[in-house]
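Try each task before reading its solution.

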Amino acid sequence: MISSTVTTLTVLLITIFLFKEGTSLFSQSPLEGDNIIVVNSSNPIAHISSIQIKDIFDQKITHWDSLGGKKDSIILFTFNDLSTYFSDDEIGANFEFLPHKIDSLVNIEPGIIAVFSKKYLDPKFAGKKIKIDNISVTQFLSEKEWFPTANPAVQLGALPLILGTLWVSLIAILIALPIGLATAIYLAEVANAKMRNIYKPIIELLAGIPSVVYGFFGLIVIVPMVQQTFNLPVGETALSGSILLAIMALPTIITVSEDAIRNTPRSMKEASLALGANRWQTIVRVTIPNSISGISAAAILGIGRAIGETMAVLMVTGNAAVIPHSLLQPVRTIPATIAAELGEAPKNGIHYKALFALGCILFLITMIINIWVDYISRKRGNYSK
Amino acid sequence: MDTSSRKRLAENTAFWIFRILSLGVIGILFSILGFILSKGLSVISWDFITKMPEDGMTKGGIYPAIIGTFYLIAGSMLFAFPIGLMSGIYTNEYAREGKIKRFIKLMTANLAGIPSIVFGLFGMALFVNGMGFGDSIIAGSLTLGLLVLPIIIRTTEESLKAIDNSFRHASLALGATKLQTIGRVTLPMAMPNIITGIILSIGRVSGETAPILFTVAAYFLPKLPTSIYDQVMALPYHLYVISTSGTNIQESRAMAYGTAVVLILIVLILNLIANAIRRSLGKKYKIN
């Protein structure tokens, strides 16, 4: 009895752990550690977004007036610039004079923007603290920049990763579906028992090859092939990923849709044949329409597999976190991002939590897909009764 | 052309297209296997599978990775087999049809559909950090065990379902209890099929990379583990690192081919065994 609830329990535990870590990302400041951002008290700006912070520190924004402030040019101060502003003696051996120094620097320079740890804030600080938006769910889902280690404010826009994942998987299914469906029809309706017995273990083997071996094959065969065919500087592209995922999704698509096709009642097929239709017409007009829900379940399951695939995609898609505009550009998917970055993300930091939040998105997508497939197959069950 | 010959032509063309496309599927498999085996078989030697890696993993063998994978297989099966078996027996033999059973089945399907990297995240959060196991064999085995649990549950369930009810009734009619019936009649009959499921999940465990990335796998560790709290190297992770992130990717290509061959051979042999069991079983009970 208890053992039967183990899967339910596991799913529950996974949900709890993922979402506990993932959701703790939100409503916290995008600044790493206990950093604060201050400006001169005469500066009218009281509020900047994390993208603006990035642009300021990348020196893409150089004047306050582009943010709606005064004409002053922006002067940056971070902890790394300490030595350009102050001498060691001025700071003191244990940074004991630093709060006062920062305070006076901020008061002298009208255009300054300073990032430093809260503990160096002078008790009598006369500058102005800037308010920064906390990380929000909408921001996470809609922003286009993924720089989880950017300094001083991280950029957590998961949109390119989400789009990259969907894009690569969708193309993969577009490639795999015709081939998979043709094979399924062949196995269910055309091939004799002997051919079927040859095919079955082969498809099983195709499903059993580890994804890292597919990735390795993709890396040394598909990537150079794509590169040469399209004359590209690099072959690690969305297309390489899609081709590889298509191969990997084939067994799922073939087995599930073959089952569906085979479940068509014999009486329906025989009725069609008796009316003078040949086998091909019966397949097109009777068998496929009757098994269409099973075939769509196969396609959805295939997409699910492709969306969650990690290693193979990680090895061949080039991992650039930009919104893809063409199949011949590198992309980065959600699973690949988690696999590539989690090792370097400090435990319980913003980056770590952001990767768990990505895991939540992935989990939700696959959960929806599974429940959807369950719904489809239940509907089909009722229909054939 | 009259209608009937046009119909024939359409049928023939369609069937030939199907034949060619499905041959294409076989072609894909054989080109993958052929390519890797042709380049990698020559790398395989006794030294390759019994020696430690040397010279920044460009020479030597993959012994620790083989042993690591072996420990992970053993650990995950020790955990997943009893639980999966009990769960499968309960669902098929005890649970009554209804909402609860449907829910349990849906959850099992859901668990099977969760991407392996999510298992990795979960394993890291619960076993590595939460329970404080650190990167260790036990954390990796538990994570992999959860991953294959649905496979074992499903094969147990299906092999039990395939057994005709008359066997159960005969046993019960002779006065055996339900538990005795399961232990002496149903389970032994279903066992060969269940073993097939176990073999296929061993294949899965030996090839999975994403769940072990953050729970156990070591980049380079030329010694064998001494306890279940040690990190190990593992074959799939080894293949991943030496083909993508090593300092000398070109020099370690041969090692990568060799590792890929070992992985493929493991899967190939496991599949052959599973098929042989299934075939002999099909003859015995006339199922499949």
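**Exercise 1.** In this predicted model, find which residues F133(B) touches, leaving out residues up to four places away in sequence. Then decide whether F133(B) is buried, partly exposed or exposed.

*Solution.* 
- Start with the place: F133(B) sits in the loop between α5 (116-130) and α6 (137-161) of chain B.
- Next, list the contacts: F133(B) touches F127(B), V128(B), I138(B), A139(B), L142(B) and Y229(B).
- Now classify: buried means under 20% relative accessible area and exposed means over 50%. F133(B) has a relative accessible area of 21%, so F133(B) is partly exposed.
- Finally, look along the chain: S227(B) is 94 residues from F133(B) in sequence, and their C-alpha atoms are 12 Å apart in space.

**Exercise 2.** Work out the strand order of the open four-stranded sheet in chain A, and name its edge strands.

*Solution.* 
- The order is β3-β4-β1-β5, and the pairing is mixed.
- β3 (75-77) and β5 (128-129) of chain A are the edges, since each pairs on one side only.
- Take one pair: β3(A) and β4 (residues 112-117) of chain A run parallel over three bridges, with I75(A) opposite I112(A) in β4(A).

**Exercise 3.** Which angles do helices α2 and α5 of chain A make with β4(A)?

*Solution.* 
- Helix α2 (residues 50-57) of chain A lies across β1, β3 and β4 of chain A, at about 105° to β4(A).
- Helix α5 (residues 98-108) of chain A lies across β1, β3 and β4 of chain A, at about 165° to β4(A).

Technical notes
Residues are numbered from 1 along each chain as its sequence is written. Chains are lettered from A and ligands numbered from 1 in the order in which they are written. This is a predicted model: local features need pLDDT of at least 70, side-chain atom pairs count only at pLDDT 80 or more; totals for chains, interfaces and linings use all residues. Side-chain values use heavy atoms; hydrogens and water are left out. Helices (H or I, at least four residues) and strands (E, at least two) are DSSP runs, numbered from the N terminus. Buried means under 20% relative accessible area, exposed over 50%, partly exposed in between (1.4 Å probe, protein chains only). Contact means heavy atoms within 4.5 Å. Two strands pair if DSSP finds at least two bridges between them. Axes are lines fitted to C-alpha atoms, for helices over the stretch in contact, and angles run from 0 to 180 degrees between N-to-C directions.
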